[in-house]
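This briefing sets out selected features of one protein chain, grouped by topic. Please consult the sequence and the structure while reading.

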Amino acid sequence: MRTALRSSRSAPSRRRRGRVAVGAALVAAALFTAAPPALADTSPSPSASQDEEAEAGPTEAGTAFRTAARLAQGQRGTASASTGDYLYWVFPADTGQRPTVRATVSLPAEQARQGASTWRIDVYDGLRRRQPCTYGLQERRAAEDAAEVRLTCTLRTVRAFSEPWANDPLPGAYYVRLTVSRLAADDLGRPFRAEVAVDSQETGGSTAVGGKLSEPLTPGVSAVLGEEQAEEETDGEDGAEQAPRPAALAEPEGGWSSGWWTDRWLWTAGGAVLAALAGILGYTLTRGSGRPDRVPHGV
């Protein structure tokens, strides 16, 4: 009789524990399947349609780092030059972005070329350190009768902070250099047309690190600020007003990242909820069904 009573009392307890376990499993599945899309480490696939959708940008390119043409992300810069020239553009990249540079070199078909040529793009950060490409064809060979050459270079994700000895990409300016690396001597100086476009993908908190730079790596900004300060002092003495000079590099849309908010806060909150549910489930499974019936009251 007592065995039957214990069995009937423990059955609801087992059902209750089973419902709690199923509920905890459903909550855990919902948290991990509803992860933000930014956490997915997918890589952008450059295509010709992206070049067509890019906004018109500068129509000239610089011939050195100091004269690089300013290019915003989402813009398309064009330039006409002679084979053998070095063309430079500069664009801003912020924390959490993975920039992709695409370049198209159009070669005139009416001019017969003497041999094949090899074209190359290189990307440098604000300290003029060459940044490697994670994937993409940054150097390609063009046949004698080729009409155009397409080059791509996807950089590593820009980090908020890095060690001084590291070569990690940091927030600030990035320079694009386009030139021909191999060319027949008779083809030197022939005209060509270049198009460069830059876009980036937000990687989110999956690549976030602690710390941040006090100022982005944008060479020339300090010099411009110094010149503006000198002009203000001169204006105070002479009374003449002069318009301030523009900065060397425009900031990204919304300004430079503050560096404190990342998607990892969502994962931290989700982990705290899962830990609490695991504690409740463990307590429910181990506490038992209560006082055994065979133990008399008052003992």
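Contact here means heavy atoms within 4.5 Å. The model is predicted. Leaving aside neighbours within four places in sequence, threonine 78 is in contact with Pro58, Thr59, Glu60, Arg193, Ala194 and Glu195.

**The chain as a whole**

- The secondary structure comprises 4 helices and 11 strands.
- The chain has 299 residues, and buried residues make up 34% of them.
- The accessible surface comes to about 17,600 Å², and carbon and sulfur atoms account for 54% of that area.

**Threonine 78 in strand E3**

- Threonine 78 belongs to strand E3, which covers residues 75-82.
- With a relative accessible area of 10%, threonine 78 is buried, because the cut-off for a buried residue is under 20%.
- Threonine 78 and valine 196 are separated by 118 residues in sequence, yet their C-alpha atoms are 6.4 Å apart in space.
- The contacts of threonine 78 include Arg193, Ala194 and Glu195 on the one hand and Pro58, Thr59 and Glu60 on the other.

**Threonine 100 in strand E5**

- Strand E5 runs over residues 97-106 and contains threonine 100.
- The relative accessibility of threonine 100 is 1%, so this residue counts as buried.
- A polar contact of 3.2 Å links the side chain of threonine 100 to the side chain of threonine 154.

**Serine 117 in strand E6**

- Serine 117 is part of strand E6, residues 117-124.
- Serine 117 has a relative accessible area of 4% and is therefore buried.
- The side chain of serine 117 makes a polar contact, at 3.0 Å, with the side chain of tryptophan 119.
- Not counting residues up to four places away in sequence, serine 117 touches Arg140, Arg141 and Ala142, as well as Val180, Arg182 and Leu183.

- Arginine 128 is located in the loop between E6 and strand E7, the latter formed by residues 130-131.
- The phi angle of arginine 128 is near 65 degrees, a positive value in a residue other than glycine.
- Most residues other than glycine have a negative phi.
- Arginine 128 has a relative accessibility of 42% and so counts as partly exposed.

**Second largest pocket**

- The volume of the second largest pocket is about 370 Å³.
- This pocket is lined by 16 residues, and the closest to its centre are Ala72, Gln73, Pro92, Pro252 and Glu253.
- The lining of the second largest pocket consists of 7 nonpolar, 4 polar and 5 charged residues.

**Cavity**

- Rolling a probe the size of a water molecule over the atoms shows where empty space is left.
- How many cavities of 30 Å³ or more does a search of the whole structure find? The search finds 1.
- The largest cavity has a volume of about 90 Å³.
- Its lining comprises 11 residues, with Thr83, Leu107, Arg113, Asp187 and Arg190 lying nearest the centre.
- By class, the residues that line the largest cavity are 5 nonpolar, 3 polar and 3 charged.

Notes: Residues are numbered from 1 along each chain as its sequence is written. This is a predicted model: local features need pLDDT of at least 70, side-chain atom pairs count only at pLDDT 80 or more; totals for chains, interfaces and linings use all residues. Side-chain values use heavy atoms; hydrogens and water are left out. Helices (H or I, at least four residues) and strands (E, at least two) are DSSP runs, numbered from the N terminus. Buried means under 20% relative accessible area, exposed over 50%, partly exposed in between (1.4 Å probe, protein chains only). A polar contact is a pair of N or O atoms within 3.5 Å; within protein, one must be able to donate a hydrogen and the other to accept it, and residues adjacent in sequence count only if both atoms are side-chain atoms. Accessible areas come from the Shrake-Rupley method with a 1.4 Å probe; for residues, only the protein chains shown count as cover. On a 1 Å grid over the protein atoms alone, a cavity is a set of points where a 1.4 Å probe fits but cannot get out, and a pocket is an open set with protein on both sides within 12 Å along at least five of seven lines; lining residues have an atom within 4 Å of a point. Grid points are joined across faces, edges and corners, and a volume is the space filled by probe spheres set on the points. Ala, Val, Leu, Ile, Met, Phe, Trp, Tyr, Cys and Pro count as nonpolar, Asp, Glu, Lys and Arg as charged, and the others, Gly among them, as polar.
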